[in-house]
Amino acid sequence: MTAPHARYRRAVAIPAGMAMATALAFLPNTTATAADEAPAAVSANATSLSYVVNVKPGHGTSAYVKKAVGKAGGTIVTSYDQIGVIVVHSSDPDFAKTIRKVRGVQSAGATRTAPLPTAVTADLGTPKALSAAEVAKAEAAPGQDPLESLQWDLPAIKADKAHEKSLGSEKVTVAVIDTGVDDTHPDIAPNFDRGASVNCVSGKPDTSDGAWRPGASESPHGTHVAGEIAAAKNGVGMTGVAPGVKVSGIKVSNPDGFFYTEAVVCGFVWAAEHGVDVTNNSYYTDPWYFNCKNDPDQKALLDAVTRASRYAEKKGAVNVAAAGNENYDLAADEITDPSSPNDSTPGERVVDPSKCLDIPTQLPGVVTVASTGAKGIKSSFSNYGLGVADIAAPGGDSTAYQKPEPPATSGLILGTLPGGKWGYMAGTSMASPHVAGVAALIKSTHPYASPALVKALLYAQADAKACTDPYDIDADGKVDAVCEGSKNRNGFYGWGIADALDAVTK
């Protein structure tokens with residue numbers, strides 16, 4: 001099935017048999033609230049576009065090009081000289097074409113197709129509240145947090161057993177590069193790393209207090225992800241995969257729900273320079289689902305985010321990303337992309353996913369995570385692909401397809417929500433934080449391990465899972481996806497299902 005294209009890949013439409021994953025089931029508890037909306041992004045004329053200009057890293061080339069930017073009609077927002085990326089605003093429609101001719105410019109392109117600021121919004125749908133009876137059924141076993149009995153996903157990766165050995169180290173920080181994190185939530189506050197948190201929406205770090213929080217009308221997605229990773233084991237609410245590690249919020253999504261290149265670049269660079277050990281990336285960089293190397297604008301975006309993600313890894317971070325929710329085979333010869341550019345007028349195009357990349361999902365060095373449901377097989381919506389999907393973890397699915405064992409009642413994933421609440425979502429965006437949490441546990445166990453070693457252990461410790469063949473998730477007699485590869489590495493599950501117990505014992 002092909003799911004509707006959300007701008008972030010954390011919530012996905014679920015078929016008949018359960019509520020939409022975008023309908024969040026709230027569990028009332030405390031009255032903590034998120035702060036008011038973060039400060040607005042850098043202002044710009046409504047006819048302006050944002051650009052990235054990529055040059056050789058270092059101050060010399062950047063200084064020369066910066067002068068040329070002004071002459072070409074551009075205004076510099078910020079510059080990341082350490083990776084050679086300059087963020088520019090310009091109202092000149094020929095700016096990119098002009099600046100590409102300047103000596104020292106390696107690539108340059110518009111990061112969006114709609115003028116600044118964007119005027120489109122995405123509604124997440126009406127929350128689906130749990131009844132009092134449903135809340136009352138959420139009774140945990142001794143030693144568990146109250147809602148842990150609803151978290152079928154924890155035993156699916158042996159996180160419940162792992163917690164008997166270790167909760168993870170407070171010296172390890174996972175950055176949630178996303179829509180913002182409500183650090184006032186009682187399950188997040190104990191583990192929140194304010195020093196590693198920031199608002200990067202404009203492409204330039206905003207470190208004002210609370211700038212990393214989502215506004216009242218913005219997506220709760222980043223808060224949900226943060227709880228999945230590191231909700232404290234504190235007798236309140238739910239339990240994260242790594243409830244003893246720190247979590248930070250790096251807000252890169254604007255109020256309209258777009259994740260533009262300049263914000264993503266800022267997010268990776270900030271993580272790199274603030275001691276982050278793992279980044280979680282449950283989104284694709286707007287406005288192109290796939291960025292084609294033969295298009296000068298898209299190539300520039302690809303170059304910029306590649307530089308930033310590699311810089312973060314060089315500085316010690318393991319970058320983890322969601323595979324996507326369209327049931328695409330990312331190893332196929334071609335894919336039809338009907339949704340790009342998503343900030344103006346999308347048009348259908350056929351792309352080669354080996355040349356047109358989903359970023360950051362398909363970038364070199366990034367851990368690409370596919371999703372499984374409560375029965376442990378590929379989620380109906382999860383992207384996959386031999387050699388592309390590195391590992392799999394619970395991201396949820398329709399209860400009609402994969403029903404969890406009692407006392408869990410929902411096939412979706414429980415997470416924290418702004419305002420001291422909890423609720424369900426599904427998507428590869430929910431799978432990715434499980435792997436980020438396991439990576440954080442590995443780093444806790446092996447504090448001096450490099451990103452390469454953490455990834456090697458992550459893959460080696462994963463529980464190998466053979467292809468589901470035939471894969472007919474809706475039992476209609478038609479194959480819904482084809483898995484290629486061996487038990488030890490295949491297109492549905494990569495190296496296997498993430499294993500939290502091995503992460504703390506080996």
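The axes of helix α9 (residues 428-445) and helix α10 (residues 451-461) come within 10 Å and cross at roughly 115°, where helices (H or I, at least four residues) and strands (E, at least two) are DSSP runs numbered from the N terminus. An axis here is a line fitted to C-alpha atoms, for helices over the stretch in contact, and the angles run from 0 to 180 degrees between N-to-C directions. Because angles of 65 to 115 degrees count as roughly perpendicular, under 35 as roughly parallel, over 145 as roughly antiparallel and the rest as oblique, α9 and α10 are therefore described as roughly perpendicular to each other. Their crossing is right-handed; a crossing has this hand if the near helix is turned clockwise from the far one by less than a right angle, and is left-handed if the turn is anticlockwise. On the α9 side the contact is made by Val-435, Val-438, Ala-439, Ile-442 and Lys-443, and on the α10 side by Val-454, Leu-457, Leu-458 and Gln-461, with contact meaning heavy atoms within 4.5 Å.

The model is a predicted one, in which local features need pLDDT of at least 70 and side-chain atom pairs count only at pLDDT 80 or more, while totals for chains, interfaces and linings use all residues. Residues are numbered from 1 along each chain as its sequence is written, and side-chain values use heavy atoms, with hydrogens and water left out.

Helix α9 also packs against helix α6 (residues 221-230), at an angle of about 35° and with the two axes 8 Å apart. The crossing of α6 and α9 is right-handed. In this pair, His-221, His-224, Val-225, Glu-228 and Ile-229 of α6 meet Ser-429, Met-430, Pro-433, His-434, Ala-436 and Gly-437 of α9.

An unreviewed UniProt entry lists Asp-178, His-221 and Ser-429 under "active site"; UniProt positions are given in the numbering used here, feature names are shortened, and annotations may be inferred rather than shown by experiment. Although these three residues are spread over 252 residues of sequence, they cluster in space, the largest C-alpha distance being 10.2 Å. His-221 is found in α6 and is buried, with a relative accessible area of 0%, where buried means under 20% relative accessible area, exposed over 50%, and partly exposed in between (1.4 Å probe, protein chains only). Ser-429, found in α9, is likewise buried, at a relative accessible area of 0%. The side chains of Ser-429 and His-221 make a polar contact at 3.4 Å, that is, a pair of N or O atoms within 3.5 Å of which, within protein, one must be able to donate a hydrogen and the other to accept it, residues adjacent in sequence counting only if both atoms are side-chain atoms.

A further helix pair is formed by α7 (residues 261-272) and α8 (residues 296-314), whose axes come within 8 Å and cross at roughly 15°. These two helices are therefore roughly parallel to each other, and α7 passes α8 in a left-handed crossing. The contact involves residues including Val-264, Val-265 and Phe-268 of α7 and Leu-301, Ala-304 and Tyr-311 of α8. Helix α8 also contains Lys-314, which counts as exposed at 73% relative accessibility. Lys-314 and Pro-451 are 137 residues apart in sequence, yet 8.2 Å apart in space, C-alpha to C-alpha.

| Feature | Residue | Angle |
|---|---|---|
| cis peptide bond | Ser-340 to Pro-341 | omega near -5° |
| cis peptide bond | Pro-406 and Pro-407 | omega about 10° |
| positive phi, not a glycine | Lys-158 | phi about 65° |
| positive phi, not a glycine | Ala-475 | phi near 55° |

Pro-341 has its place in the loop between β11 (335-340) and β12 (347-351), and Pro-407 is found in the loop between β15 (391-394) and β16 (413-417). Lys-158 lies in the loop between α4 (153-156) and α5 (159-165) and is partly exposed, with a relative accessible area of 28%. Ala-475, in the loop between α10 and α11 (500-505), is exposed, with a relative accessible area of 67%.

Taken as a whole, the protein has 11 helices and 17 strands. Buried residues make up 61% of its 506 residues. Of the contacts with a separation of 6 or more, 77% are accounted for by residues 24 or more positions apart.
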